[in-house]
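Here are my notes on the model, as numbered points. Please read them with the structure open.

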Amino acid sequence: MKKIFELNKKASIAILLMIFLVTFSFLGVARYQKNSALIGDESYYHLRLSENIEKNGFEKNGLSDNDLSLILGQKYYFNLIDFVLSLVKHKIIFMITIPLLLGLASLIFFYLALSRIGIENNQVFFSSILLILSPPFIYIFSSYTVYPFLVFFNILFLFLYLNNMKKLSFLAIIPTLFISLPSVFLTSLILFFIYIFNKKDKREILISSSLLILTSLIIYFTFYFPNFIPNKLFFFHRNIFSRIISDLGASIGISIFHLVLAFIGLLVIKTKEKRFPNYLILLFALILSIFFNLIMIFFNFFVCFLASYSLSEIYHKKWEIDVLKNITLILIIYGLLFSSFSFQTRLISSSPTIEEINALAFLKDNPSGVVFSHFSNGYQIEYFSEKSAMIDQRIYTLNNGKELLNDSNTIFFSRNIQTTKKLLEKNNISYIFINKEMKDGLIWDKRNQGLLFLLDKSTDFKNIYDKDEVEIWQVLSSKN
Amino acid sequence: MRIKGYHLWLLAIFLVVFASRMYISSQTDLFSDDNSYFTLRQVEHIVDTGKPLIYDDLSYGGRTLIFSPFYFYLLSAAYIINHKIIMLKIFVNLLATLLVLASFLIADEVTKSKKIALVTAFLSGFIPVYFQETVNSLSIYSLIVPLTFFSIYYLMMLNKDKKYSTHFLVLLTFLIISSPTSIIFVLGILFFIILAKLEKIELNKANIEILIVSIFFYLWLNFILFKKAILFHGPSIIWQNIPKIYLTQYFSEINILQSVYLIGVLPFVLGIYSAYIYVTRQNSLQIYIIIGASSSLFLLLWFKLIPFKTGLIFLGAFLVILLSQYLKLFFDYILQTKFSKFSAFAFILFIIMILLSSVLPSVVLGYQKISNIPEKETLDAYSWISKNINSTNTVLALQDEGHALSYFGNVKTVADDNFIFVKNIDQHIYDVDRIYLTRFSDESLEIIHKYYIDYILIDKKVKLKYNLTDVFYSTDECFSLVYHTKDVKIYKILCEEEAI
């Protein structure tokens, strides 16, 4: 294959760093200008817990401040990233910079790992660019969650393992045991992939995987059982396409252009490589990724790698009609950029917004009580208003998750004040928090639907905050 | 270029088809389908402001619209010459008649016989379902179907000579920017390539290149255009958020007899037979392009991804082309037999069969379509509405009449057949039905207030659909009859909403 351009490693890495910086600077600056808040609800969960740890250590009552799940008996589990954050003085700066640095490091280790297994420099370069522009990569390294840490340690593990630093590689995995135990299964999956493609060290890989899984099971049963077993909600209520494809609304999903390129990449591999059947195992990863974000994030790395095959093929191969080649390349570049910017735009205006933070800060000064809102607002309510939210994102692991979700849906859509009041009392709700997103389709699409109608017409609610499309209503019960 | 006999024949066929269409269409100043009034509002808005109507104050009480505006701009070019409906009718029928030229070119290329190509061109002008759906409407299929066939023709030519790549790319661009229905062509190329590979036919690499560029262009454009709708509805955007109750109607199960009538007996039977011959016994790259496109159509119909009628329109046109190849085989065969002297007779017989099985049903269906225009009494009611009801008020009418009510009445409507960006659409449509059907004014008022409805329109279509003469709660004090003719009533809502 004739190469149209050939970059050396240093130049490639320099260009990649530049693209990385441009992508994340754009996101960071735009987010700061629009909302000046951390991206994602989960960041505030870690911030609240780290502050509680800082103030009260690991004493249970201190941790369960404003945390209905913990108050109602769910056990707190030690998380390394909360603990590390509790030690830091400038927490917000740390929460912004650490994911970025981990992203940068992960990108470099990904680049080096691919080079290590003998992939051509140009293709490694394409894979890395596709990775930077991919929505899952942008999402995980722009918010302080468990994912940037898990990705970084697993990529580091992969890099060290491929460089025959096996003992060191297993050391790199140890922190993940204290961040998210199930991620060990991912590490085992990576080992499995290494074996499938290498067909070497079978015994060693089997022992290592077993040890990893055994260790995590011991830790789980010793400290955490029976917490974190997903309830029924976790496996249902999921639409496959809108879970997998970012352009269809998935928060952590693959871009449609990456997927199409990866599919073409698979066809290219089929004609060129004997190892093609091995790649079909990726279907298994795709199915798992519907349920597990972490698998989706790693699946994205594979997708970028496969997509690079098709990009490389389209770029290097002689086409019958030259103009078609140029048009295709332009469309691919526009498509990838469109998907990436479109996702970044979603992140920039995503919750929590500055308007929501102001409203919750106002709520903080009001008497204590449980706040009702959409579960995706739970963590930010708990952090900014210093009050408990009826439901937050842990709904998928709560024993009574389904019941809470049913109650919450009835409250949202019922126009019968008796039904609504009964459920509000049952869940001790004192405040209702409504943001623009909820009124714009997340829950309602008309201004007089369900709860919105009752809030407007009934005397059982008092509007205590209404600014910039964010509303807070106080529930006036007989006690009040 | 020298004008030859077949050019004149082709011109004659073109004029016959166009004149037949215009004769039927010019019987009325109105359109036969509600959707044409949406197109008309878009065209008038473009002519007035230069921009399409992106935020519609009237549809569903006010909402953002999402569409590809290319077709509306094209129609505006005709409308700007003369602000008369007849201009649009002429232009749309002219576009639809272009299928005759495209079919001639393809059939000529496939059969190498001008005589058969002319017959095919004539037949393509009278595909009953296509004729019915485009004769008195501003349907986008008047543009899409000829564009698809011109694209197919240039794809065939591109396989012979690379110099046609520019023609093909220009057509492909127009096709993809016109409507998402262009997926039929994009998938058609994929199926053509698969078919050729299965038959082990050496393929020009350009076909794969075209497939790649088509897929990326289609994805790119549709994701840009429909980005908000895709995020709003997720995967259900594929079915255009059509309510479940209408899905069976829009994408109804395939009924063979109905299909035969709508496509025409000859193309249906002989076209399918021709496809069978080429899949099982003979090889022809050009025919595989048509069979590939037909296969993509079957797939899309099978998964109910395109409406039944849309599928039939394309299928009808594909089968006409396939029929041309059958004719070629048939007449070649006859010439080799003792019956060769009867070939002229067979040809005439064939023309008579075309007249009976395609032309006649087309004309009948065309006239049937003309009878679907809004009733005079309903139009009078719309006129009363536009004079007496403020455009900020909402009037309830059937979802099938939403666009016409917006156009003639200039008031907010509760529902129309564009379901994109409407949340809980099933509930929405169910609520509309309940208002007309409920026996209780309390239930009706609850729904009426939910959608801010100020007036209820009951016309002949409502009466027919719900089998009623009036709403059950007509005597309730909350409803006041403000307009009344033999077939149309309009009630004003007097009571305001209170919390339960």
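1. Terms for exposure. Buried means under 20% relative accessible area, exposed means over 50%, and partly exposed lies in between (1.4 Å probe, protein chains only). By that scale A:Lys318 is exposed, at 60% relative accessibility. A:Asp322 is partly exposed, at 44%.

2. Ground rules. This is a predicted model, in which local features need pLDDT of at least 70, side-chain atom pairs count only at pLDDT 80 or more, and totals for chains, interfaces and linings use all residues. Residues are numbered from 1 along each chain as its sequence is written, chains are lettered from A and ligands numbered from 1 in the order in which they are written, and side-chain values use heavy atoms, with hydrogens and water left out.

3. Chain A overall. Chain A has 25 helices and four strands. Both are DSSP runs numbered from the N terminus: helices are H or I with at least four residues, strands are E with at least two. Of its 480 residues, 59% count as buried.

4. Domains of chain A. Domain 1 covers 9–37 + 90–348, and domain 2 covers 354–475. These bounds come from an automatic or database domain assignment. The two domain centres, taken over C-alpha atoms, are 36 Å apart.

5. Salt bridges. The criterion is a side-chain nitrogen of Lys or Arg within 4 Å of a carboxyl oxygen of Asp or Glu. A:Asp322 and A:Lys318 form one of them, with the closest N and O atoms 3.7 Å apart.

6. Two pairs in chain B. B:Lys114 meets B:Asp108 at 2.9 Å, N to O. B:Lys114 is partly exposed at 31%, whereas B:Asp108 is buried at 16%. B:Lys369 meets B:Glu133 at 3.8 Å, N to O. B:Lys369 lies in helix 17 (residues 343–370) of chain B and B:Glu133 in helix 6 (residues 128–135) of chain B, so this pair ties together parts 236 residues apart in sequence. B:Lys369 is buried at 9%, and B:Glu133 is buried at 17%.

7. Strand 5 of chain B. What covers its two faces? Strand 5 (residues 455–458) has B:Tyr455 and B:Leu457 on one side and B:Ile456 and B:Ile458 on the other, all buried. Two strands pair if DSSP finds at least two bridges between them. Strand 5 of chain B pairs in the parallel sense with strand 3 (residues 394–396) of chain B, over two bridges. There, B:Val395 has B:Tyr455 as its bridge partner. Strand 7 (residues 489–493) of chain B runs antiparallel to strand 5 of chain B, joined by four bridges. B:Ile458 stands opposite B:Lys489 of strand 7 of chain B.
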